[in-house]
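Visitor: Hi! I'm new to reading protein structures. Could you walk me through a few features?

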Amino acid sequence: MNRRGFLRLSSLGVMSMYLDKGFAPELFATPTEYFIYVGTYTSSGGEGIVLCRLSMATGALQKVAVTRNVSEPSFLAMDHTGRYLYAVNELGSFQGMSSGAVSAFSVNPTTRALTLINQQASLGSSPCFVSVDATDRFVMVANYGGGSVSVFPIRSDGGLGASTDKEQFLGSAPHAHQIMTDAANQYALAADLGTDKVMLYRFDAQLGRLNANTPASFSTKPGAGPRHFAFHPNGRFVFLINELNSTVTSLAYDPTRGTLTEVQTVSTLPAGYTGASYCAEVRVSPDGRFLYGSNRGHDSIVVFAVNTDGRLTLVQHASTQGSWPRDFILDPTGTYLLVANQKSNNVVSFKRDATTGRLTALGPALSLTAPTSLLVATSPA
């Protein structure tokens, strides 16, 4: 399958064509609503995994249901069929081990209610990120406290089997913060906040193993703290947000070799700002024209225009109308952007201008305790 024409069902549940030139076109009519799952910190009073409904007419969020008795579901992912949801349980101890866990749920195709299938130890403490590979055969977990990443096979019933691989990061205080495969499922990238590296692996999609690439990693500036990254829809760029020095690094991605080359690094904060702030999430608009990042402390979403060479131009800093924007998402059409403000206990909707990329806050916000992760539900196949 060549890079110019392959199609895959994206994690947001829409079909996107990755092209070498230009941006991905919209392929489907806009639905009237989307279901949104919200992960929460139960140790801070969160209810578990909260199901909400997003109106595409108004951008309003409505709480629908709650999956309770789920400990610390701080990050969520879904397979591409929409039949199964996976959540990390950000714990320091699980079943007597120094480990967190990862939970598998089946999704009711009508109500979107979740039913627990099984759990596996994540093989490291405080797991903070989970993703599903491009073929829906494996789940990948980043263990923040353990400084490692783990791979688990997906069983025929959507549950998780015993781990097929674990990679322990080395160096001073490693903290794995994200792992996911590229669109072709040939390589996996993993951000290590503690050692200022993005680890590069050749992914064995038959055995579920992470094999060291050459080079084995990309290094950021010392103290940057790489946290999360996002692929451009054309597959030729990766945008890395750095938590500790509040920057975004634009990287050229070679999908044939699985390597990264720095294009540009820019601040996510306004000129002259001197307060404490820590980046969290980064997302690319569906058309690939704009990049968004969150600042915890400055409590804003920074907006950049993405040039054809991958370089970024500042557009806006939009207040998140709350405190500590840990996560945010765009709906699959790019019409709305939703922000989870962890410390102010709310989720805020923004209308996005598709031409300029600018954000306008809508109201009122949805009150939810300790929201940490947002996920658009894929329509069940």
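Visitor: Which residues form one aromatic cluster with Phe-229?

Guide: Keep in mind that this is a predicted model. The cluster brings together Phe-229, Phe-231 and Tyr-253.

Visitor: How do I read the pair Phe-229 and Phe-231, and what are the planes doing?

Guide: Planes over 60 degrees apart count as edge-to-face. Here the planes of Phe-229 and Phe-231 stand at 85°, with ring centres 6.1 Å apart, so this pair is edge-to-face.

Visitor: Is Phe-231 buried or exposed?

Guide: Buried means under 20% relative accessible area. Phe-231 has 19%, so it counts as buried, and Phe-229 is buried too, at 3%.

Visitor: How many aromatic pairs does the structure hold?

Guide: Five. One of them is Phe-75 with Phe-129, a tilted pair with 4.4 Å from centre to centre and 35° between the planes. This pair links distant parts of the chain: Phe-75 sits in strand β6 and Phe-129 in strand β10, 54 residues apart.

Visitor: Now the sheets. What is the order of the strands in the open sheet of four?

Guide: Strands of a sheet pair through backbone hydrogen bonds, either parallel or antiparallel. In this sheet the order is β18-β19-β20-β21, and the pairing is antiparallel. The edge strands, β18 and β21, each pair on one side only. From one strand to the next, the twist averages 25°.

Visitor: Which residue in β21 stands opposite Ala-252?

Guide: That's Thr-261. Strands β20 and β21 pair over eight bridges.

Note on methods: Residues numbered from 1 in each chain as written. Predicted model: local features only at pLDDT ≥ 70, side-chain atom pairs only at ≥ 80, totals over all residues. Heavy atoms only, no water. Pairing = 2+ DSSP bridges. Helix = DSSP H or I, 4+ residues; strand = E, 2+ residues; numbered from the N terminus. Axes fitted to C-alpha atoms, helices over the stretch in contact; angles between N-to-C directions. Phe/Tyr/Trp six-rings, centres within 6.5 Å; stacked < 30°, edge-to-face > 60°. Buried < 20%, exposed > 50% of the residue type's maximum accessible area, 1.4 Å probe, protein only.
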